Amino acid sequence: MIAKLYRKVVPSQTREFIYTLFLQRLLRALRGERVASLEKRVKFYSQFIKEGDLSFDIGANVGNRVLPMLNLGAKVVAVEPQDKCAALLKQNFGDKIVLVQKGVCAKEEIRNFYINESHCGISTFSEEFIEKTQADRHNDNVWEKPVPMQMTTLDSLIKEYGVPAFIKVDVEGFEVEVLKGLSVPVKALSFEYTFPVLSMNAVECVNMLCRLSDYEFNYSKSESMELTLDKWISKDKMIDLILKMAASSERLRSGDIYARQRIQA
């Protein structure tokens, strides 16, 4: 309601100015991130990324995952379709990263992209995400009319830059389409979950990964930067856990599911 009223009473140029200020403040916050917080992110990602590794950040936004990856000495390919976010990534990281300003899906094509000007973190290619989350946590948000966006695939990125040690996927309900474009197993990756409304998307992601290789799974809640389970679990146990968590979720909750190739004895 508030967001809709805001759009009615505030001129578009003023909204654009406010949105730019918001992103700039977000960038300044990222640059001045508390040492303890950054150290926690670096420590967390160090179990997946080593110095000299290649990593893909799919849905890089303004770079709060790019920074710890770089601190670990990784070569980072950051994929971010939003103009303002891409500009801030360039401003903050320059030639320390490879920036790809496209979307990612199952094939190279043009897809509709829905920008949320009041919350850049929930801009999305997924109409299902908009429809289902507007009924709950994001009921006060407004997405713009879709803009056409050039898409690439994980396979195309791998062909151009190499096989990454780690892929982070955070694309607001579009995770299944992103993973459809991956035919090469990677050592480890993460994808966002949104329960309960998109729980079956998470199940499909788990199944798709296990068709590529023998993976085991864990997960983190929200932005905790901590694995919740003491031990990594199998595909079947992860799917059971997803369904149980979705069934017990009264309101939307999100986090990331992590997959790593099982170490062969």
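The model is predicted: local features need pLDDT of at least 70, side-chain atom pairs count only at pLDDT 80 or more, and totals for chains, interfaces and linings use all residues. Residues are numbered from 1 along each chain as its sequence is written, and side-chain values use heavy atoms, without hydrogens and water.

Start with the sheet. It is open, has 7 strands and runs β3-β2-β1-β7-β8-β10-β9, with mixed pairing. Helices (H or I, at least four residues) and strands (E, at least two) are DSSP runs, numbered from the N terminus. Two strands pair if DSSP finds at least two bridges between them. β3 (97–100) and β9 (215–221) each have a single partner strand, so one side of each lacks a neighbour in the sheet. Neighbouring strands are turned by 20 degrees against each other on average, direction ignored.

Now take one pair. β8 (residues 188–195) and β10 (residues 253–261) are antiparallel over 8 bridges. Glu192 has Asp256 in β10 as its bridge partner.

Helix α9 (residues 199–212) packs on the sheet and touches β8, β9 and β10. Contact means heavy atoms within 4.5 Å. The direction of α9 makes about 160 degrees with that of β8. Axes are lines fitted to C-alpha atoms, for helices over the stretch in contact, and angles run from 0 to 180 degrees between N-to-C directions.

Turn to helix α6 (residues 127–134). Phe129, Ile130 and Thr133 are buried there. Buried means under 20% relative accessible area, exposed over 50%, partly exposed in between (1.4 Å probe, protein chains only). The buried residues of α6 pack against β8. On the other side of α6, Glu127 and Glu131 are exposed.
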